[in-house]
Amino acid sequence: MKLAPSLLTRRQLGVAAAASALVLSLGTVPALAATPPDTLVVAFAFDDMITLDPGEAFEISTGEFIGNTYSQLVRYDVADPSKLYGDLAKSWKVSEDGKTYSFELKPNLKFASGNPLSAEDVVWSLQRAVLMDKGPAFILTQFGFTKDNVKDKIKQTGPGTLTIETDKAYAPTFVLNCLTANVAAVLDKKLVLSKEVNGDMGSAWMKTNYAGSGAMKLREWRPNEVLVLERNDNFYADKSKPARVIYRHIKESATQRLLLEKGDADIARNLTPQDLDAVVKTQGIKTTSTPKGTVYYISLNQKNPILAKPEVREAFKWLVDYSAIGDTIIKNIGVIHQNFMPVGLLGASTVNPYKLDVDKAKALLKKAGYPNGFKVTIDMRTVQPVQGITEAFQQTAKRAGIDVEIIPGDGKQVLTKYRARTHDMYIGQWGADYWDPNTNTDFVRNADNSDNAKVKSLAWRNAWDAPALYMQADAAVLERDPARRKALYDKMQAEFRATSPFIMLYQQTEVAAYRSNVSGFRIGSTSDSTYLYRASKR
């Protein structure tokens, strides 16, 4: 599936793109000719990619890869996330007791490999995710699936039919929205099992390879360098408009802007507000934006006895200059938002009670027994606007006597440490895994606070045990009346703002700049719904 860079260049990009392919490997920015007409070149920071396996991947950038290369039973409409449509599924129905979901697949489906896609592959893929029990598995196991019962609860009933039986009568939209998540992507069973080693269900091979049926397929991935996708001619629906999409890992906004202006990139994805202001004045460049189901936050590990004090947790919330961050660092790319539920999801609150108040923070620190402050570290991915926010926060915290040491790293380094909960403080983002408010109750769910817990939610990562909020989350997901469900989430968010170890910062408005000869490019509300295969060049 992978080819050497030189072979990729000769066979796929042609003479006109040879220089561009060289740039991909060297990371330089010379003046080049325009990108090939059948190829989209995207400047994008994707150093958070750890694995390509949908059963294990839980990173923002990998979500976009999976969304473009894999298929699921259902998807949500990018134009209206509240609407669902069949991807592989031709139809579905829910039993009268609300617990059994029956699916019929579309006919004549194939994987990129050429292998036929049947209900057996769908069932095996969902079972595999539960049996592997990696990070995203909870999206499925929350319906009562376990290693012991999943083969009885998710079953093939015919060549193109299957059933999924949940443990409770959940709101149907909740169940179906969870099936749009990356962990529910359908894998080529025959191909993956041919790569199995010691009963690992192909997981070692899947870390760097591909076994899907989406509009595009993997050509090459070199971590922190390049990701190349190409058209999958076996895709059941309209074929990918570009023959290939090349993601170049470019962390610096100024470099992305230069590539875009020179024509060496068609789309720039991580521009700062300042560079966005500049490119919109450039002839031949346009911008697009979408409010994302993504929130940014700073979290405090409750294993640290200082950070576990309620007064310290609250003090930090008064040591962020939200107004300055909103007016400068995230201008046009986000809005201040102090709640764990992003606007757009049912029950999202827009109450923002905190502002910079150093005196109030000092009083709280004194009450906690730290009138002169203390020292603490914060782990930070070295991308904007995260770095700018962290440095601004470091300065305001210093005014209350808190010495914040910044520990920089790439996405993989920072996330690995965070997921092992060996940090003091962490700054990062959380994107909705599916378009239902329950997805963000990961901020409050922590059924087992031990180090070897099976479900390692955001609350677990920060060793925060809040059983009352956890129970409210359980009640909300079973509530079928939208008004009552909304009221439950509103109550949860109020308690969360006051007591949690999370400093909620802002909700992302993802903005991208692109050359005017690009059409059909649209940013999705979640990472896995930015479909590059629908974009083209004139």
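This is a predicted model: local features need pLDDT of at least 70, side-chain atom pairs count only at pLDDT 80 or more; totals for chains, interfaces and linings use all residues.

Reader: Start with H18 and H19. At what angle do they cross?

Author: Roughly 160°. H18 covers residues 467-478 and H19 covers residues 482-499. Their axes come within 9 Å.

Reader: So how does H18 run relative to H19, roughly parallel or roughly antiparallel?

Author: Roughly antiparallel, because the angle is over 145 degrees.

Reader: Is the crossing left-handed or right-handed?

Author: The H18 and H19 crossing is left-handed.

Reader: Which residues meet there?

Author: From H18, Ala-468, Leu-469, Gln-472, Ala-473, Ala-475, Ala-476 and Val-477. From H19, Arg-485, Leu-488, Tyr-489, Lys-491, Met-492, Glu-495 and Phe-496.

Reader: And by class, how many nonpolar, polar and charged?

Author: The contact of H18 with H19 has 10 nonpolar residues, one polar and three charged.

Reader: Switching topic. What about H12 and H14, how far apart are the axes?

Author: The axes of H12 and H14 are 8 Å apart, and the helices pack at about 165°. H12 is residues 310-317; H14 is residues 358-368. At that angle H12 and H14 are therefore roughly antiparallel to each other.

Reader: Which hand is that crossing, left or right?

Author: H12 and H14 cross left-handed.

Reader: What makes the contact?

Author: On H12, Glu-311, Val-312, Glu-314 and Ala-315. On H14, Ala-361, Leu-364, Leu-365, Lys-367 and Ala-368.

Reader: Class breakdown for H12 with H14: how many of each?

Author: Six nonpolar, no polar and three charged residues.

Notes
Residues are numbered from 1 along each chain as its sequence is written. Side-chain values use heavy atoms; hydrogens and water are left out. Axes are lines fitted to C-alpha atoms, for helices over the stretch in contact, and angles run from 0 to 180 degrees between N-to-C directions. Helices (H or I, at least four residues) and strands (E, at least two) are DSSP runs, numbered from the N terminus. Angles under 35 degrees count as roughly parallel, over 145 as roughly antiparallel, 65 to 115 as roughly perpendicular and the rest as oblique. A crossing is left-handed if the near helix is turned anticlockwise from the far one by less than a right angle, and right-handed if clockwise. Contact means heavy atoms within 4.5 Å. Ala, Val, Leu, Ile, Met, Phe, Trp, Tyr, Cys and Pro count as nonpolar, Asp, Glu, Lys and Arg as charged, and the others, Gly among them, as polar.
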